[in-house]
There are 2 protein chains.
Amino acid sequence: MRSAAVVGTGLIGTSIALALRGRGVPVHLIDRDPEVARTAADLGAGVVGFPRTPVDLAVIAVPPQHVAATLHEYQLRELAEDFTDVASVKVRPQEEAAELGCDLTRYLGGHPMAGREQSGPLAARGDLFRGRPWVLTPAAQTGAATVRRVRELAGLCGARPLVMAHAAHDRAVALTSHAPHVVASLVAARLMDGDDSQLQLAGQGLRDVTRIAGGDAELWTDILGSNATAVAEVLAEVATELGTLVDALRDMGAASPAVPPERYGSSRAHLASALVRGVRGRGRIPGLAPGGLSLTGAAAGN
Amino acid sequence: MRSAAVVGTGLIGTSIALALRGRGVPVHLIDRDPEVARTAADLGAGVVGFPRTPVDLAVIAVPPQHVAATLHEYQLRELAEDFTDVASVKVRPQEEAAELGCDLTRYLGGHPMAGREQSGPLAARGDLFRGRPWVLTPAAQTGAATVRRVRELAGLCGARPLVMAHAAHDRAVALTSHAPHVVASLVAARLMDGDDSQLQLAGQGLRDVTRIAGGDAELWTDILGSNATAVAEVLAEVATELGTLVDALRDMGAASPAVPPERYGSSRAHLASALVRGVRGRGRIPGLAPGGLSLTGAAAGN
């Protein structure tokens, strides 16, 4: 790769630019806020402004709902030969790019799976993507040369390219990130019902379950909205299971205290089976220590 | 307190015994598995076996569904003048104790809010309860002398006694521990649907949300079953919200890609409002750093 451009010099865009600069690739930095682009340049991420001749590859690093329009604009302005993006959803930007008449032969959607709690160029790190998956979602039209260039980009950033279909990617992030975020928010929202003394019983388990619910609500509204159908599918399955478990628990709660728990029969079995599926599902997360943990801050074992 | 007994020398029972021994109180250790009681004794938690004369206070440290029967048995055998327990649910053991004809004037239910990932006497620590809340749930019949003795127990263990009604306690643990556990399990169970490449996209957010879902399924079936009604109430509220959000997301997903997100209107507003309530609810957890975190392993900010 002889030259690159980054459009949107936030955390991800600037981190990519820093990684490329570290490998000697000249980078042009573009942001709708010139101050943000200058900050990235001051960090050594490249030079601010449009190149005189098209660069090899432009990385569109803007929020998902702006990817297609930004791609369309910079293809018309001939910023680069090839284009990619880094948005955390892939189906909708691809559809929007098609509707806008973008050149889909020179565009390959991507999603580097890395992030930090902080945002903005000052949080950027050239090694942010090292060893992380970098999803590539080629479409039928995507040219082989474009695929090679985006693979090279992932390699220059130290990431592992992982080819997926658009819908499989969006379903994957719905399963592993977006649906869990919604559920964590709903659990956290219920805490508005407790009084202060009740909340004093909160332990580490609750802190962990709700941690991502502390994330920026506006940003997450955009992310979830961009992947709404896939997230709705996962959440609908969770809702069905949850409804069944509410019935099972009500059944168990209605049983006389004198009835030994073994006699709740099918309700108890249903609850136990849901928890076992949870243990198994958690066991599928790569790189977890076997066994999992049971501490909830309440006296585990009681 | 001149003498005490612990029935059930697991993590919690042995930790209490160690704390009492550290303050010079003689402790008798009883467990249905003599080997487990001997292990606790070897750790310095007291002497194995029934005392010759009743001790001042017996701590019933067995799973919630066995609390009432154990209390009944050891009141008949005159193990102690006063009794308490450490179970993580309070309504049902109290009801069961009443049905069995226990002496409720000499019994005060308790719940020390501490635990560890490991269980059993070898995981016990004399300082496990230091600075932690220790919930006391006096009933109308509970004698003042019994309340004083259990308060003394909590004090000797370094804990902060916190008086609550039985139902308020059970609602509190449903909100802060039991319902979050069920929801974490359901999110984890959905991972059975993903293929291996999809699961490679799992980040720290998913690990956190599902951590407690790795807990022992049988133990948690007992805990949830013992507090079934309160857990069902919280989960029913989560299920209602979840159903509304699934509808909102489907509405947003069905909108044409060309429609700017600002135009999804009420569905988008509903989603945003649910996320904002999540941020606020999380902010009610005592001792959290302000702001909360948004990292999910996916590229935050995209």
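Okay, let's start with A:D208, which makes a salt bridge with B:R211, and the closest N and O atoms there are 2.5 Å apart. Keep in mind that what we have up here is a predicted model.

So where do those two sit? A:D208 is in helix 8 of chain A, residues 204-210, while B:R211 is in the loop between helix 8 (204-210) and helix 9 (217-226) of chain B, so this pair joins two chains. Are they buried or exposed, then? A:D208 is buried, with a relative accessible area of 12%. B:R211 is buried too, at 10%; the cut-off for calling a residue buried is under 20%.

B:R171 and B:E237 form a salt bridge through their side chains, at 3.8 Å from N to O. The cut-off for a salt bridge is 4 Å. B:R171 lies in helix 6 of chain B and B:E237 in helix 10 of chain B, residues 228-254, so the pair ties together parts that are 66 residues apart in sequence. As for burial, B:R171 is buried, with a relative accessible area of 17%, whereas B:E237 is partly exposed, at 27%.

Salt bridges with shared partners link A:R2, A:D56, A:E81, A:D82, A:R106 and A:R149 into one network. If you search the whole structure, over all chains, you get 36 salt bridges.

How many of the salt bridges are between chain B and chain A? The count there is 10. On the side of chain B that touches chain A, which helix gives the most? That's helix 6, residues 166-190, with 19 residues. And the residues on that side of chain B divide into 71 nonpolar, 32 polar and 26 charged.

Let me put the whole interface up. The contact takes 129 residues from chain B and 130 residues from chain A. About 11700 Å² of area is buried between the two chains, and carbon and sulfur atoms give 66% of that.

Last stop, helix 1 of chain A, residues 11-22. Helix 1 has 12 residues and reaches 16 Å from its first C-alpha to its last, which is close to the 16 Å expected at 1.5 Å a residue. Is this helix mostly covered or mostly exposed? Mostly covered: 10 of the 12 residues are buried. If you want to click through the buried ones in helix 1 of chain A, they are A:L11, A:I12, A:G13, A:T14, A:S15, A:I16, A:A17, A:L18, A:A19 and A:L20. An α-helix has 3.6 residues a turn, so residues three or four places apart point the same way. After helix 1 of chain A comes A:G24, which has a positive phi, near 85 degrees.

That's my tour, thanks.

Conventions: Residues numbered from 1 in each chain as written. Chains lettered and ligands numbered in written order. Predicted model: local features only at pLDDT ≥ 70, side-chain atom pairs only at ≥ 80, totals over all residues. Heavy atoms only, no water. Contact = heavy atoms within 4.5 Å. Buried area = accessible area lost by both parts, 1.4 Å probe. Helix = DSSP H or I, 4+ residues; strand = E, 2+ residues; numbered from the N terminus. Nonpolar A, V, L, I, M, F, W, Y, C, P; charged D, E, K, R; others polar. Expected span 1.5 Å × (residues − 1). Buried < 20%, exposed > 50% of the residue type's maximum accessible area, 1.4 Å probe, protein only.
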